[in-house]
Amino acid sequence: MKVVLLGTAAGGGVPQWNCACGPCAEVRAGRLPARTQDCLAVSGNGVDWWLLNASPDIRTQLTATPCLDPGPGPRDTPVRGVLFTDAELDHTLGLLTLRGAAGLRVHAPATVLHALTDTRGVLDKYAAWTWRQVEPEQTFTLAGGLEVTAFPVSGKRPKYAGESPVAGHWVMAYRLFDPATGGIVLYAPCLAGWPLGFDELVAEADVALLDGTFYAPSEMGAATGQPGGQSAMGHLPITHSLPELRRHPHVRRVYTHLNNTNPVLDPDSAEHAKLREAGVEVLPDGAVIEV
């Protein structure tokens, strides 16, 4: 299994267009690398590729990744479809950029499919896609051989969705299993807490890509001078998840979905040093992991 971290930032990317916080200023000054919004590409055979989430930066991410180049036909693409962890705008807006590709398959929980009803209506005018409902803890197989299982991790719905007539969980983690190698990747970019049974999912994984949005509970208010609001965003801070990850030193652990205010963006920061001491990584956009 090959995994490409197409983007590693939370909504808005780094730098965020309307933010002058410390990390954003460092990126604009050229002292830290820019990051696009969180998205993965995965493949079990190097031919059939699947996106996990579709960020607003998807065009830039696809064109920067040679293994996702189109061909051999003039409109052929190795991208077979998308798996959604949730319905947040920074994970779904990229679908509109993909509208010209026929035959894509989109997998998502029932709540997410319903939230995307209007978007689906627009996309159906451009190309015939298949929309498939993901059921919790029911494994399905992707083209290319990967076996995928979704695990509910949060009930947080996006602001625009409001009350939904569809019952079910809003946020999923995905377990990606390669039967050819036995490799397992766990992808959970949005964790509101540390769910019951999540330790078992981390323990069996070779690689765990987890929510690193904020370093500390009060981080965003301190960085922007606008306190309040962070707690409602549904992201477990690193100060709370890192002690959990310390129990799994045999697993390759990587934080992704990093907010522009997060001090771990700076490899020289004391916060980043704590991650290194724990053996937990922060990787750049474009990093490739093979399992």
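## Close-up views of a predicted model

**View 1. Strands β4 and β5 lie side by side in parallel.** Strand β4 (residues 79-83) runs parallel to strand β5 (residues 105-108), and 3 bridges join them. Helices (H or I, at least four residues) and strands (E, at least two) are DSSP runs, numbered from the N terminus, and two strands pair if DSSP finds at least two bridges between them. This is a predicted model: local features need pLDDT of at least 70, side-chain atom pairs count only at pLDDT 80 or more, and totals for chains, interfaces and linings use all residues. Residues are numbered from 1 along each chain as its sequence is written, and side-chain values use heavy atoms, with hydrogens and water left out. Valine 82 stands opposite valine 106 in β5, and leucine 83 has histidine 107 in β5 as its bridge partner. On to the next strand, β5 and β6 pair in the parallel sense over 4 bridges; here alanine 108 faces glutamine 133 in β6 as its opposite residue.

**View 2. The open sheet has 7 strands.** Their order is β6-β5-β4-β3-β2-β1-β14, and the pairing is mixed. At the edges are β6 (130-133) and β14 (288-290), each of which pairs on one side only.

**View 3. Leu95 belongs to the largest nonpolar core.** A nonpolar core is a set of buried Ala, Val, Leu, Ile, Met, Phe, Trp, Tyr and Cys residues joined through side-chain atoms within 4.5 Å. Buried means under 20% relative accessible area, exposed over 50%, and partly exposed in between (1.4 Å probe, protein chains only). The largest core has 63 residues, of which Leu95 and Phe198 touch the most other members. Apart from it lies another core, of 26 residues, including Met1, Leu40, Phe140 and Tyr187. Not counting residues up to four places away in sequence, leucine 95 touches Ala54, Val82, Phe84, Val106, Leu116, Leu123, Trp129 and Trp131; contact means heavy atoms within 4.5 Å.

**View 4. The structure holds 2 aromatic pairs.** Rings of Phe, Tyr and Trp (its six-membered ring) pair if their centres lie within 6.5 Å; planes under 30 degrees apart count as stacked, over 60 as edge-to-face and the rest as tilted. Tryptophan 129 and tryptophan 131 form a tilted pair, 5.8 Å centre to centre with 40 degrees between the planes. Tryptophan 194 and phenylalanine 198 form an edge-to-face pair, with 4.9 Å between centres and 85 degrees between planes. Both tryptophan 194 and phenylalanine 198 are buried. Tryptophan 129 counts as buried because its relative accessibility is 10%, and tryptophan 131 is buried at 16%.

**View 5. Asparagine 262 and histidine 257 sit in one loop.** Asparagine 262 is in the loop between β12 (252-256) and α9 (270-278), and histidine 257 is in the loop between β12 and α9. Asparagine 262 is buried, with 0% relative accessibility. Its contacts, not counting residues up to four places away in sequence, are Pro23, Gly212, Thr213, Phe214, Tyr215, Glu219 and Ile238. Histidine 257 has a positive phi, near 60 degrees, and is a residue other than glycine. Histidine 257 is buried, with a relative accessible area of 3%.
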